[in-house]
Amino acid sequence: MKVPATPLVLLIGALWVAITGLGLFGMWFPALLLSVALMTAHLVLGSAHSGRIRPGLLIYPILTWALVWLVSFVFAEVFARSFAGQEPPFTVAGLHPSFAWIVFGYWLGGVATLTIGFSRRRKMWMTDEQWSEFTARIAGMNTAREEAEGGSDH
Amino acid sequence: MDPTTRGLIIGFSALLISVSFLIGLWGRRRMTNAQSYFGATGLFGPLTISLSSMAAVASAFALVGVPGLIYLSGNTIVLWMLGSPAFALGYMMLGKKVRAMAEVAPIATLGDVSDLRFNNHRGIKALVSVILLLGCVAYLASQIKAGADLFAHLMGWSPWTAALIIFGILGAYTVISGEVGGILTQAFQGLVMVVAGLIMIVAFFSMTGGPGAVIAAVSSAGTVTADGVSKTFSPDLLNAWGTLPGGVALAWVLIPALGVICQPQVLTRMYALKDPRDLSRLSLYATIAHMVVALMVVCVGMGALYLVSSGLVPPLDSPDRAIFVFADYAGLHVQLFVYAAVLAAAMSTSSLFLSLSSGILSRDLPSALGLRMSIERQMTVSRITVAVLGFGAIWFAMDSGRLVAILGAFGFGTLMSATMPVFILGLLWKRASSQGVFAGLVVSLVFNIVCLVLDKLIGFRWPGGVPWYVLVVAASSVVTIAVSLVTHGATGDELDPRVGAVIDL
C-alpha cells in the first residue's frame, strides 16, 4: 500500500495544531483521541519502505493498536464520568472501572498489540534482504565517493 | 531508622557503586576508537541496550517524584508511567533509520547524524547542541541533587560530601571508559531497578491485599489529619485521569508516547545496537523492563495512599517521601532495594547525560563553530570536559537550589522539542529542509526559554491546563513543516543519496 509522505506530514502538522487548539479550549478528550491519530501517522510513515507499507503490518499491529487505545480511552472516560465524585459500585480486578480500561487496554492492550505485534511482524517491517540490499547499496555508494574523492585529489 | 538497618542500606548502596565502578573499568577493554568512546556504535546486543535505555529514561524523578505525584493527585501521572508501548512505537517509527545512518558514515554523536542529514549545516548542529545541552545539564543537576540529598540524609553527611563521593566515582568511570562503560553500568543499574521493582510489587500486594483494598480505603477516608498535616482523599484520585486538569492527562499520554524515542538516551542507543535486525527484540526487552519499573512506582504510590488513608501512617509532609514511607513500612528487604533503586536511577541517568554533554561540548559544538580537532584530541578534550562538567554540575546542584528547581523543568519536553525536527521529521521526510529544521529549532529554543520564564517566574498557566512543553513541541514541529514546504536546503538534488536510501529503508 502506498504511503504518500508529504500529505502524511501535512496531516501531522494539522493534527498538532488541532490537538493544541482543542487542549487550550478545554476540549482535552477529543484532543486525546486525535493524538492517537498523530501517533499512528508517525508510525505509518516510519514503518514504510520505499514509500510503501505492507497491508498486513498496517492492520496488525498498527491499526489494531490504535483501535485498542481509542476504545480504552472512550470507556475510561465513560466510567470516569459515570462515577465522578463517588465510590464506584463495582471494581474490575480491584481497580476503578475507568482505570481498569487504562491498565488492561492502554497499558497491557498496547503492549499486546504494538510490542508483541512488532516482534511477530518484524519481517513485514524490514526483511533481512532489505537490510542486506541497503548495506550493499551504501557500500557501493561509499566506494564510488572514495574513488571520486581520490580522483579529484590527483 | 535503627543503626543496623542504616548500616545495611549503606553497605548495599556502597556495593552498587563499587560494582558500577568495576564494570566501568572493565568496559574500557571494549573501547577501541572514537566511535566506541562517544557512541559505543554497533557494540551491544538488545538485552544490554534495553536495560541501559530503560535505566537512562527512568530517572530519580520517576522513582521518587512519581509516587509522590500519585499520592498528591492520583492517577494522572500513571498515564505517563504506563506508556510502556512507547518503546515499540518509537523503534518501529525510527529505529531502522537511525541505526542505518551508522552504516552510511562513522557515527558517534547525534551531531554526526545531523551533519549527514543536513549537509553539515552548522546552525542546525549548533542549535540542537545548545538545546540538548540545556536539557542535559538540567537533568544532570537534578539527579545529583536528588541522589546527594537522599544519601546525605541517610548517612548523616553533608550533601556536598555525598555528591562528591557518589558522583565523583561516576565521573571517574565515565572519564575512563566513555559511553562503553556508561552503557554497561546503566544496564547493570537497570537490572537492579527491575529486581527492586519485582520486590516492591510483591510487597505492595502482601501489604495491601491488592488494589481493591486501596480504592475502598481511599473512597471512605475523607480528610485525614495528624501532626498538623492534612490529606483529603477522593475516589476520583483512582479513576482513569486522576485529579489534575484534563489538559495534563492529554499531555501525559501524548508526550511520552511520541517523546520516548526523541530522548537522546534512547536515540543514541539505537546506533549502539550491533545488529539492526534485533530492533524488535530490543523493543520487547525494553518494554518488559519498563513495565516492571512502571508497575513498581504505581504500586508504591498506591501503597502510600493506602497507608495514609487507612491511618497506618500519618499524612506526608512532603509527597516525595511517599516511596520511603512505603519502604519503611514494608520492612528491611524493601528498604535495601528502594535506596539501591533510587541510587541506580540517579546514577544511570547522570552518567548518560554527563557523557552526552561532554560529547556535545568537545565534539559537536566546536565542529558547529568551525573548530576542527583530531579524533585523539576530541577524546582528550572530552575526558577533561567530563571531569570539569562533573564537578561543575555538583557545584551547581549543591549551590543553586532554586535555579536547579527552575531548570529542572527543562526535561523531557525540551529534549523532545529539539530532536523532533532534526531526527524525527528529518529522517522520516525527504522534504524536511535545512531551513525548515533550523527555523523549528529557533522556535524551540526561544519558546522553551519564554515559556520557562512565564511558568516559573511569572506563574502563568496556559488555558485548559495544557503544559507549556506540549505547545513548544507542537510549535517547533509545525514551523519545521511549514518552512520546509517553501524551502529546499538538503532536499531533492541536495539530499545526500545515501541519506535518501536511509529514509527509504
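1. Nonpolar core. In this predicted model, the largest nonpolar core comprises 252 residues. B:Val338, B:Ala341 and B:Val342 are the residues with the most contacts inside this core. Helix 13 of chain B, residues 279-309, gives the most to the core, with 21 residues.

2. Overall form of chain B. The secondary structure of chain B consists of 21 helices and two strands. Its radius of gyration is 22 Å, close to the 23 Å that the globule rule gives for 505 residues, so chain B is as compact as a globular protein of that length. Taken along the principal axes, the box filled by the C-alpha atoms of chain B is roughly 70 × 50 × 40 Å.

3. Burial and contacts in chain B. Of the 505 residues in chain B, 65% are buried. Among the contacts in chain B with a separation of 6 or more, 85% are made by residues 24 or more positions apart.

4. Contact between the chains. Chain A brings 59 residues into contact with 60 residues of chain B. On the side of chain A that touches chain B, at least two residues each are supplied by helix 1 (5-24), helix 2 (28-47), helix 3 (55-82), helix 4 (97-120), helix 5 (122-125) and helix 6 (128-153) of chain A. The largest share, twelve residues, comes from helix 4 of chain A. By class, this side of chain A has 33 nonpolar, 22 polar and four charged residues.

5. A helix crossing in chain B. The axes of helix 3 (residues 46-57) and helix 9 (residues 159-208) of chain B come within 7 Å and cross at roughly 75 degrees. Angles of 65 to 115 degrees count as roughly perpendicular, and helix 3 of chain B and helix 9 of chain B are therefore roughly perpendicular to each other. Helix 3 of chain B contributes B:Thr48, B:Leu51, B:Ser52, B:Met54, B:Ala55 and B:Ala56 to the meeting. From helix 9 of chain B come B:Ile183, B:Leu184, B:Gln186, B:Ala187, B:Gln189, B:Gly190, B:Leu191 and B:Met193. The residues of this contact divide into nine nonpolar, five polar and no charged.

6. A cis peptide bond in chain A. The peptide bond from A:Tyr60 to A:Pro61 is cis, with omega near 20 degrees. A:Pro61 lies in helix 3 of chain A, one of the helices that supply at least two residues to the side touching chain B.

7. Positive phi at B:Asp227. B:Asp227, a residue other than glycine, has a positive phi, near 50 degrees. B:Asp227 is found in the loop between strand 1 (223-226) and strand 2 (229-232) of chain B. A residue with 12 or fewer other C-beta atoms within 10 Å counts as exposed; B:Asp227 has 8, and is therefore exposed.

8. Positive phi at B:Ala490. Phi is also positive at B:Ala490, near 60 degrees, again in a residue other than glycine. The place of B:Ala490 is in the loop between helix 20 (468-486) and helix 21 (497-504) of chain B. Burial requires 20 or more other C-beta atoms within 10 Å; B:Ala490 has 26 such neighbours and so counts as buried, whereas B:Asp227 is exposed.

Definitions and conventions
Residues are numbered from 1 along each chain as its sequence is written. Chains are lettered from A and ligands numbered from 1 in the order in which they are written. This is a predicted model: local features need pLDDT of at least 70, side-chain atom pairs count only at pLDDT 80 or more; totals for chains, interfaces and linings use all residues. Helices (H or I, at least four residues) and strands (E, at least two) are DSSP runs, numbered from the N terminus. The radius of gyration is taken over C-alpha atoms; the globule rule is 2.2 Å times the number of residues to the power 0.38. Two residues are in contact if their C-beta atoms, placed from the backbone, lie within 7 Å. Ala, Val, Leu, Ile, Met, Phe, Trp, Tyr, Cys and Pro count as nonpolar, Asp, Glu, Lys and Arg as charged, and the others, Gly among them, as polar. Axes are lines fitted to C-alpha atoms, for helices over the stretch in contact, and angles run from 0 to 180 degrees between N-to-C directions. Angles under 35 degrees count as roughly parallel, over 145 as roughly antiparallel, 65 to 115 as roughly perpendicular and the rest as oblique. A nonpolar core is a set of buried Ala, Val, Leu, Ile, Met, Phe, Trp, Tyr and Cys residues joined through C-beta atoms within 7 Å.
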